[in-house]
Amino acid sequence: MSQGWNWISFNVYLNDMSLETMLSSVNDNAKFIKSQTGYADYYEDYGWFGTLEQTDNVSMYKLEMNNQDNIELWAYPVVVDETIFSLGEGYNWIGYSPQESLDINTALYNVDEGNIEYIKNQEGYADFYNDFGFFGSLEYMNPFNGYIVRASSNTSFIYNGSGLARISSTVDATYNEFDLNIHDYEHNATMTSALYIDNNRVDSYDYILSAYNGSACVGYTEGLYFPLDGNIVFPLMVYGNEGGNTLTFKIYDKHSQTYLDIEEEFVFTPDMTLGDGFNPVVLNSFETPVDYSISKAYPNPFNPVVNFDVELDGD
């Protein structure tokens with residue numbers, strides 16, 4: 001693993017595939033890891049904390065390292081012809097199950113023609129051309145590398161490679177709450193946040209934090225207990241296809257089933273990581289207006305209708 005970002009996957013299996021086990025050899029030099037649906041930070045003298053707790057052998061992970069180090073582990077190789085990769089229409093982060101390097105067209109031979117339109121790893125990419133196959137700077141797929149593919153429709157496949165039979169697994173491609181389909185987006189970013197309502201920090205699980213690009217929901221999360229200081233944080237992952245979009249936020253109250261607006265706005269940058277458990281991004285909402293004014297009644301005298309204006313600095 002190089003210093004900085006590494007796109008990785010695991011083509012092996014253990015009974016315990018937690019981050020603590022799979023990354024135990026690099027924990028002192030690791031900083032941050034995320035998948036397509038979750039993430040975790042590494043805390044010295046504690047370990048990994050976040051929404052991503054377990055790894056599998058079908059997903060890609062982006063691992064950020066403080067220093068160069070080697071991942072070392074003892075594990076069983078997966079069964080290539082039983083390890084199913086389930087893709088949703090749009091973007092998917094996938095791993096690589098064979099134990100050897102293969103030409104990209106050989107590796108993806110079992111994918112129906114055109115079902116994968118585009119593939120990239122950290123160093124290169126390839127487009128699919130009908131009656132030809134994949135062509136681009138990405139020519140070979142390699143063990144332990146991670147890949148992002150764009151699927152034209154929901155599909156499943158197995159790699160065209162040999163492997164020792166041990167275990168199989170699948171990935172759940174659905175993520176539909178708040179009308180969010182993560183496969184619509186090429187990039188993601190993370191915001192470990194603290195919520196404040198009327199200047200009081202939220203310390204319950206009664207709220208959901210959601211992010212929007214215009215009217216489209218691009219991320220949401222519930223509260224998570226941070227054991228190092230006992231506070232509730234909101235580990236928000238937001239999605240987008242390009243940088244520069246303005247993100248707005250809302251708080252959903254589960255009990256009243258109402259939304260509160262959040263004052264702060266952020267500009268989306270692919271792969272940005274804002275905040276952590278100790279220094280979360282502060283998001284503020286006010287249930288009551290902080291200022292108001294009421295005009296004089298008009299017309300005066302009146303008959304039979306009277307009017308007055310109310311101005312509120314807040315909803």
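Biologist: What makes S1 and strand S6 (residues 61–65) a pair?
Modeller: Two strands pair if DSSP finds at least two bridges between them. S1 and S6 share 5 bridges, in the antiparallel sense, so they pass the rule. Ile8 stands opposite Tyr61 in S6. Strands here are DSSP runs of E, at least two residues, numbered from the N terminus.

Biologist: What kind of model is this?
Modeller: A predicted one: local features need pLDDT of at least 70, side-chain atom pairs count only at pLDDT 80 or more, and totals for chains, interfaces and linings use all residues. Residues are numbered from 1 along each chain as its sequence is written, and side-chain values use heavy atoms, without hydrogens and water.

Biologist: Which sheet holds S1, and why is S1 called an edge strand?
Modeller: The order is S1-S6-S3-S4-S5, an open sheet with antiparallel pairing. Strand S1 (4–8) and S5 each pair on one side only. Neighbouring strands are turned by 25 degrees on average, direction ignored. Axes are lines fitted to C-alpha atoms, and angles run from 0 to 180 degrees between N-to-C directions.

Biologist: How do you know that S11 and S15 pair?
Modeller: Strand S11 (residues 116–120) and strand S15 (residues 147–151) are joined by 4 bridges and run antiparallel. Ile116 has Ala151 in S15 as its bridge partner. Both strands belong to an open antiparallel sheet of 5 strands, S9-S15-S11-S12-S13. Its edges are strand S9 (90–94) and strand S13 (133–136).

Biologist: What makes a residue part of the lining?
Modeller: An atom within 4 Å of a point. Among the lining residues are Tyr39, Asp41, Tyr43 and Phe49. S4 gives the most, with 3 residues. The lining divides into 6 nonpolar, 3 polar and 1 charged. Gly counts as polar and Pro as nonpolar.

Biologist: What makes a set of residues a nonpolar core?
Modeller: Buried Ala, Val, Leu, Ile, Met, Phe, Trp, Tyr and Cys, joined through side-chain atoms within 4.5 Å. Buried means under 20% relative accessible area (1.4 Å probe, protein chains only). The largest core has 32 residues, and Leu195, Leu209 and Phe249 touch the most other members. S22 gives the most, with 6 residues.

Definitions and conventions. 1 Å grid on protein atoms, 1.4 Å probe; cavity = no way out; pocket = protein on both sides within 12 Å on 5 of 7 lines; lining within 4 Å. Buried < 20%, exposed > 50% of the residue type's maximum accessible area, 1.4 Å probe, protein only.
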